[in-house]
Amino acid sequence: MLDKLKNILSKVLPDVDMSTVTEETRLIEDLGFDSLALMMMSMEIEDAFGFKFLEFVKFETVGDVCKYLETRIK
């Protein structure tokens, strides 16, 4: 799941070296995400995995996103 998410993150933040991203990487503090980047990531996730976010989910780390996706994608 981490590799799939890194592919999505590279679309949102093309200037970030994805080889340095781990599950512990923080979205805001380490990658510089702002509200627009979070929205873009959410839209890319929806497109890539074919579902819509129906509730607000607070993601702090890349690992948080991976864990959420693992519960949604079977």
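Student: How many salt bridges does the structure hold?

Tutor: A salt bridge is a side-chain nitrogen of Lys or Arg within 4 Å of a carboxyl oxygen of Asp or Glu. The structure holds four salt bridges. Before we go on, note that this is a predicted model, in which local features need pLDDT of at least 70 and side-chain atom pairs count only at pLDDT 80 or more, while totals for chains, interfaces and linings use all residues. Residues are numbered from 1 along each chain as its sequence is written, and side-chain values use heavy atoms, with hydrogens and water left out.

Student: Which helices do Glu44 and Lys11 lie in?

Tutor: Helices are DSSP runs (H or I, at least four residues), as strands are (E, at least two), numbered from the N terminus. The side chains of Glu44 and Lys11 form a salt bridge, at 4.0 Å from N to O. Glu44 belongs to helix H2 and Lys11 to helix H1, so this pair ties together parts that are 33 residues apart in sequence.

Student: Which residues meet where H1 and H2 are in contact?

Tutor: Contact means heavy atoms within 4.5 Å. From H1, Lys4, Leu5, Ile8, Leu9, Lys11 and Val12 take part, and they meet Ala37, Met40, Met41, Glu44, Ile45, Ala48 and Phe49 of H2. By class, this contact has ten nonpolar, no polar and three charged residues; Ala, Val, Leu, Ile, Met, Phe, Trp, Tyr, Cys and Pro count as nonpolar, Asp, Glu, Lys and Arg as charged, and the others, Gly among them, as polar.

Student: Is Glu46 buried or exposed?

Tutor: Buried means under 20% relative accessible area, exposed over 50%, and partly exposed in between (1.4 Å probe, protein chains only). Glu46, in helix H2, is buried at 15%. The side chain of Glu46 meets that of Lys52 in a salt bridge of 3.8 Å, N to O, and Lys52 is exposed at 53%. Leaving aside neighbours within four places in sequence, Glu46 is in contact with Phe51, Lys52 and Phe53.

Student: Where is Thr61 placed?

Tutor: Thr61 sits in the loop between helix H2 (35-49) and helix H3 (62-72), and with a relative accessible area of 18% it is buried. Not counting residues up to four places away in sequence, Thr61 touches Glu23, Glu24, Thr25, Arg26 and Leu27.

Student: What does Val62 contact beyond its neighbours within four places in sequence?

Tutor: Val62 lies in helix H3 and is buried, at 0% relative accessible area. Its contacts are Leu2, Leu5, Leu9, Val21, Thr22, Glu23, Thr25, Leu27 and Leu31. Val62 and Thr22 are 40 residues apart in sequence, and their C-alpha atoms are 6.9 Å apart in space.
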